[in-house]
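Hello,

Here is the structure we talked about handing over. My notes on it follow below.

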Number of protein chains: 2
Amino acid sequence: MSGFDQGTNPYTGEPAGPPVSHTPMEEIDRLASAAGRAAPELAALTLERRAQLLRSAAAALEDARDELVELADAETGLGSTRLGGELTRTRLQLEMFADVVLEGSFLEAVIDLPDPAALPAPRPDLRRVLVPIGPVAVFSASNFPFAFSVAGGDTASAIAAGCPVVVKAHSGHPGLSVRCGQIVGAALADDGAPSGAFAVIHGTEGGRALVQHRAIAAAGFTGSLGGGRALFDLAAGRPDPIPFYGELGSLNPTVVTPGAVAARGEEIARGFVSSFTLGAGQFCTKPGLLFIPKGHGLDDALASAAAETEVGPLLNRRIRDAYVEMSETLAATPGVRSLLEPSTVEQSGFRVPPALLAVSATDLVDRASTLLEECFGPAALIIEYGSTDELDAALDAVPGSLTATLHADPDTEPELVRSLLDRFSAGAGRVIWAGWPTGVAVTWAQHHGGPWPATTSSVHTSVGVTAVRRFLRPVSYQNVPDPLLPDTLRDANPLGLPRRVNGVLHSGPIALVPTESSAIESVAGSGRHAGNPA
Amino acid sequence: MSGFDQGTNPYTGEPAGPPVSHTPMEEIDRLASAAGRAAPELAALTLERRAQLLRSAAAALEDARDELVELADAETGLGSTRLGGELTRTRLQLEMFADVVLEGSFLEAVIDLPDPAALPAPRPDLRRVLVPIGPVAVFSASNFPFAFSVAGGDTASAIAAGCPVVVKAHSGHPGLSVRCGQIVGAALADDGAPSGAFAVIHGTEGGRALVQHRAIAAAGFTGSLGGGRALFDLAAGRPDPIPFYGELGSLNPTVVTPGAVAARGEEIARGFVSSFTLGAGQFCTKPGLLFIPKGHGLDDALASAAAETEVGPLLNRRIRDAYVEMSETLAATPGVRSLLEPSTVEQSGFRVPPALLAVSATDLVDRASTLLEECFGPAALIIEYGSTDELDAALDAVPGSLTATLHADPDTEPELVRSLLDRFSAGAGRVIWAGWPTGVAVTWAQHHGGPWPATTSSVHTSVGVTAVRRFLRPVSYQNVPDPLLPDTLRDANPLGLPRRVNGVLHSGPIALVPTESSAIESVAGSGRHAGNPA
């Protein structure tokens, strides 16, 4: 455990940022145990104070914007414009979760009043609310040094849930992780967060120990299929398994129909290139597969758009080497043609040329295991289909995905459109119409997830308000006297929470809820109008 | 695979019901694949038709009440009164989920309208709804032949979610499982459920194959720690892991404080005995541990209540043998005293005497691994504590539980009460005041779950309305034109669903929702009044 991480500057390949020692095992035990002790204290803070913690962390990051963006660019090469936007998103995520905490519906408070006439037995007073699951291990991503890292969405949603967080920093940006950890840690401490509520560790072995530590109750992860699967297996293999919410790999298929090619083929070609090369193709939502009819006539449009695109360097040497190897393997696969000849210009640092390859839908099916491996970086595969049957067979070979995108003409291809939208909603977490998957708005309605291998748990999301669900567990109180109930469930509803009382959504005191003889029997009748302010 | 299951009559130990062949492996593949093909058809039914499937299954079971209760009693020995009540509960569960399907809030429809002014980037139209996860494997329990078996809560909630179900019948009541399968299958088919939407299989090896079958998307399980862990490991070890919702084992600690002993010690003693012997102690919610102050003076009350209790036979020979062995091991553990001498009356069939043992809190801590193993059957352990510190240390040794119960006097022991309630909400899924954990009302507010080993996933419940969540995954639609959206998300809200539009709960068309400039920014303000009909 005497190792260390140090960033490299992707523009030059030279060391960047300070060397950061791997956290010793005894320190990981100490930090995880401290998180366990902090859990009840953090959970006991009022919602106002919990929200304030999130706002303070957001403000502290904003205050350090210039320093952080510079540090991040040195270690990731993502460029100050993109990184500045990502820092803004990270701040807004923290602030959004502060709003969510104050709004209170995330607690899902439900009250069923006693019913002595219920069948098959009289029913007691039952009140359910979500409570923090306990300390959360957060595994940072390389490709979003702010939004999916130390103070990213997993951390924000875990704190919003009332859970302490121990972040495993990504080895690609250790210096930035140290600084973000210091800034967030100080902001939380200044606001009275309990000691142990937040920490950052470094080192792969330490991360493995963390996910197996008895005090850790859940984990969030964004990264590779291999790394995520290894940690998932450790979490599932514990004597007491814990939920492991991993976002792993996604090919993000995009289908272009004949109608769309006819209507706006060149525009689609340009949009596609722009999306798959964004951030040097290092987005989890990169559209890696474009299904397009044979004879589309867009080779030149695609090739010239790609050739004209300025692509930044890849994040680090390992990713660069893997990209070069995989894009060469793809290009050398029988049946694959290259639309774009690799640039002969000498590349500095970890810059690579974009790769744009094409294959027939039938060849894709025949060589699915090679061609459908995710290639992290600015590479994409065009799949040319000769018929709807060929398209269907090729799409059958594509595993679960974060997103699926459709460019089509509903007026002339209504059945094809219907069938593809149905297929997409079964196989992906987000279905996009006539757009591109890169760019993930952080809102109530966002879902960033999907069937394996997109995530380890298609039931949950890592982006958007509902990400907080991952770190909450329900508790029901049976016949507990009002003064002993948590404030969230008391008759008077002192927090003004939206609650479901005997099946009816209501945010006032129980005394003002319309009377119902039985929660079960009244569900359909009362619920139909639930939440209707009219 | 030439084996078969046959029930035994627990009253006599003789074979009961028909022998039922284990389902051949090729048949399991056929049924799981058929469930996979049925999934999109079942998902496409209207909510009204989905609800009707649940109602029809409920009515068909009710119509066959006499036959089913008789069959169940022959194979389980639980008695016709209890079994009749359980059948009623099973019917009501199905009907409750029908109401839930019609009410529609379980779909969690959320709409965020586009926001061109959003930071860090303009925001598209995003609409999120929950969709069925796909075919569900349901593993039946021995101890609830109706409510947690072929047509039990897992099946009801999976169908409510829109998922096909393949039930692995419990080997203890194969004849009943066949009949329930026929009745439910016919009712669903008569109502137009797609072929393959429901099936029952038999045999342990078949169950292992089922949870690993590529078409199965999730599993529900109620049973033993060992059996559940083995299946959980198979589900997590798949090339594409699936969620495995297992309810495994629970000790259900009950704490009695000095104040409660003083106020109503004898009543508590009687209630405790009545609860831990209910159903011959074969409830997952059996209060297996009673923490009570040293010198409680209730030995005689406890022993005589237990001696007077009529206890039915255990479910089968394996459970009887395990019970005899474990209760003898517990009684022979150093420091343990028996409050109740085993009856010398010859027992017929699988009848066993109740076992009531006592140990000091300090001895419990010293011998936790032996004394805190769940003993399925009419046995309970009284733990006598000399101080609050001793009580705390003993409770620290108790793992996660479905329930935790407190008998106390809040007027004279306010701090103790506060501390125990906090501890219970951290370690159990349901906190019960001055009552007993057996008996689980099926309502909106119920939570039947808890930290490991109570369940494999403390985030979810297997009883109550929110059990449906386990079998739903979110999908977001981005910029999809209104006519192509699912009805759940269309502007006009043709289903009248409660939805969250730009942060505001509303069940009308979008045009009637109050305008908000930004969902994120408006969360706190608008949400505070969300759902308030006033």
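**Confidence of the model**

Chain A has an average pLDDT of 94, and 95% of its residues score at least 70. The exception to note is residues 517-534 of chain A, where the pLDDT is below 50. In the model this stretch still has 49 contacts beyond near neighbours in sequence. Where pLDDT is low, the predicted coordinates should not be read in detail. Please keep in mind that this is a predicted model throughout. Its overall scores are ipTM 0.95 and pTM 0.95.

**How the two chains are arranged**

**One helix pair in chain A**

Helix H9 (residues 258-276) and helix H10 (residues 299-308), both of chain A, pack with their axes 9 Å apart and at an angle of about 35 degrees. The crossing of H9(A) past H10(A) is right-handed. On the H9(A) side the contact is made by A:Glu266, A:Ala269, A:Arg270, A:Phe272 and A:Val273. H10(A) contributes A:Ala301, A:Leu302, A:Ala305 and A:Ala306. By type, the residues of this contact between H9(A) and H10(A) comprise 7 nonpolar, 2 charged and no polar.

Regards

Technical notes:
Residues are numbered from 1 along each chain as its sequence is written. Chains are lettered from A and ligands numbered from 1 in the order in which they are written. This is a predicted model: local features need pLDDT of at least 70, side-chain atom pairs count only at pLDDT 80 or more; totals for chains, interfaces and linings use all residues. Side-chain values use heavy atoms; hydrogens and water are left out. pLDDT is the predictor's confidence in each residue, from 0 to 100. Contact means heavy atoms within 4.5 Å. Axes are lines fitted to C-alpha atoms, for helices over the stretch in contact, and angles run from 0 to 180 degrees between N-to-C directions. Helices (H or I, at least four residues) and strands (E, at least two) are DSSP runs, numbered from the N terminus. A crossing is left-handed if the near helix is turned anticlockwise from the far one by less than a right angle, and right-handed if clockwise. Ala, Val, Leu, Ile, Met, Phe, Trp, Tyr, Cys and Pro count as nonpolar, Asp, Glu, Lys and Arg as charged, and the others, Gly among them, as polar.
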